[in-house]
Amino acid sequence: MTTQELVATGQQLPVMEAFYTIQGEGRFTGHPAYFIRLGGCDVGCVWCDVKESWEAAKWPVISIDEIVEGALAYPGRLVVITGGEPLIYNLFPLTQLLKEKGFSTHIETSGAHPFSGEFDWVCFSPKKFKKPHPSIYQVANELKVVIYHASDFEFAEEHAAQVNPTCELRLQPEWSKADRFTSEIIEYIKKRPAWKISLQTHKFMDIP
Ligand SMILES: C[S@@+](CC[C@H](N)C(=O)[O-])C[C@H]1O[C@@H](n2cnc3c(N)ncnc32)[C@H](O)[C@@H]1O
Ligand SMILES: Nc1nc2[nH]cc(C(=O)O)c2c(=O)[nH]1
Ligand code: SF4
Ligand SMILES: [Mg+2]
């Protein structure tokens, strides 16, 4: 099979970077985790904090065995698959192998492509720049909406109305606008306790 075919089946994937760190955001903030950052994203968020990930062709294509071997080198058994936009790819082969090896599998996604993979935790962060695929709403365990503009609160509510009732709801200040929006998020949540705040705590700790 050609590399292109192996990527299409999910046996090989473009990996921008992989690193063992502390989950900085959302429900699992503070948990040690191995991050696998896949290359490629077609969503185009103006405030994306990892724009260098967007072009898939820039990154080496690696077999899922080699990816999992990298994760096995560390004592933690929680893997977070992120990107880029990881759902561009078929994530069944990688997540099945990770689960076989005893990992909990989490994903960070905009939901802009059809859902794939076996995940223990799905963090869905919808974007105005590319509409989510309908398949994400039933599987999202956590809705994490980035607040960059006053209109993003309404956008957050529109998505909260579409996810499962058990889905946890979080608002996360966009990093460069945190001065302005953190206090607004706090006041918003105090009035609407269905929501929680998520901060990018790894940036405060100055870790990857
Ligand atoms: C870089 S994205 C990669 C995964 C996927 N493409 C997504 O957007 O969910 C990982 C997380 O970081 C969030 N994020 C990206 N840039 C951010 C910024 N400047 N401030 C706050 N959160 C940001 C995204 O919304 C997402 O929840
Ligand atoms: N420490 C740490 N936590 C994170 N949570 C989500 C991240 C991401 O970029 O997907 C991220 C990241 O890049 N670093
Ligand atoms: S969807 Fe995620 S990776 Fe893609 S541009 Fe937006 S924040 Fe960045
Ligand atoms: Mg990040």
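The model is predicted, so local features need pLDDT of at least 70 and side-chain atom pairs count only at pLDDT 80 or more, while totals for chains, interfaces and linings use all residues. Residues are numbered from 1 along each chain as its sequence is written, and chains are lettered from A and ligands numbered from 1 in the order in which they are written.

Q: What makes up the protein chain in terms of helices and strands?
A: The protein chain holds 6 helices and 9 strands. Helices (H or I, at least four residues) and strands (E, at least two) are DSSP runs, numbered from the N terminus.

Q: How do you know whether the radius of gyration of the protein chain agrees with that of a compact globule?
A: The radius of gyration is taken over C-alpha atoms, and the globule rule is 2.2 Å times the number of residues to the power 0.38. For 208 residues the rule gives a value near 17 Å, and the protein chain has 17 Å; therefore the two agree. Along the principal axes, the C-alpha atoms fill a box of roughly 55 × 35 × 30 Å.

Q: Why is Gln 23 called buried?
A: A residue is buried if 20 or more other C-beta atoms lie within 10 Å of its own, exposed if 12 or fewer, and partly exposed in between, with C-beta atoms placed from the backbone. Gln 23 has 22 other C-beta atoms within 10 Å, and therefore it counts as buried. Gln 23 sits in the loop between strand E1 (12-22) and strand E2 (32-38).

Q: Why is Ala 178 called partly exposed?
A: Ala 178 has 16 other C-beta atoms within 10 Å, so it is partly exposed. This residue belongs to helix H5 (residues 178-191). Ala 178 and Gln 4 are 174 residues apart in sequence, and their C-alpha atoms are 40 Å apart in space.

Q: What makes Arg 37 a buried residue, and which residues does it contact?
A: Arg 37 has 21 other C-beta atoms within 10 Å, so it is buried. Arg 37 lies in strand E2. Two residues are in contact if their C-beta atoms, placed from the backbone, lie within 7 Å. Leaving aside neighbours within four places in sequence, the contacts of Arg 37 include Met 16, Ser 53 and Thr 82.

Q: Why do Ser 125 and Pro 126 count as buried?
A: Ser 125 has 23 other C-beta atoms within 10 Å, so it is buried. Pro 126 has 26 C-beta neighbours inside 10 Å, and therefore it is buried as well. Ser 125 lies in the loop between strand E6 (121-124) and strand E7 (142-147), and Pro 126 is placed in the loop between E6 and E7. Not counting residues up to four places away in sequence, Ser 125 is in contact with Val 145, among others, and Pro 126 also touches Val 145.

Q: Which residues does UniProt list for "binding site" together with Gln 23?
A: The unreviewed UniProt entry lists Ile 22, Gln 23, Gly 24, Arg 37, Thr 82 and Pro 208. A UniProt annotation "binding site" (unreviewed entry) also covers residues including Ser 125 and Pro 126. UniProt positions are given in the numbering used here, feature names are shortened, and annotations may be inferred rather than shown by experiment.

Q: What places a residue around ligand 1, and which residues are the closest?
A: A residue is near a molecule or strand if its C-beta atom, placed from the backbone, lies within 6 Å of it. Ligand 1 is surrounded by 18 residues, the closest being Asp 49, Glu 108, Ser 110, Ser 125 and Trp 175. Strand E4 (78-83), strand E5 (104-109) and E7 each give two or more residues to this shell.

Q: How do the residues around ligand 2 divide by class?
A: Ala, Val, Leu, Ile, Met, Phe, Trp, Tyr, Cys and Pro count as nonpolar, Asp, Glu, Lys and Arg as charged, and the others, Gly among them, as polar. The shell around ligand 2 divides into 3 nonpolar, 5 polar and 2 charged residues. Gln 23 and Glu 108 are among its residues.

Q: What makes a set of residues a nonpolar core, and which members touch the most others?
A: A nonpolar core is a set of buried Ala, Val, Leu, Ile, Met, Phe, Trp, Tyr and Cys residues joined through C-beta atoms within 7 Å. The largest nonpolar core has 39 residues, of which Ile 36, Val 79, Ile 81 and Ile 147 touch the most other members. E2 supplies the largest share of this core, 5 residues.
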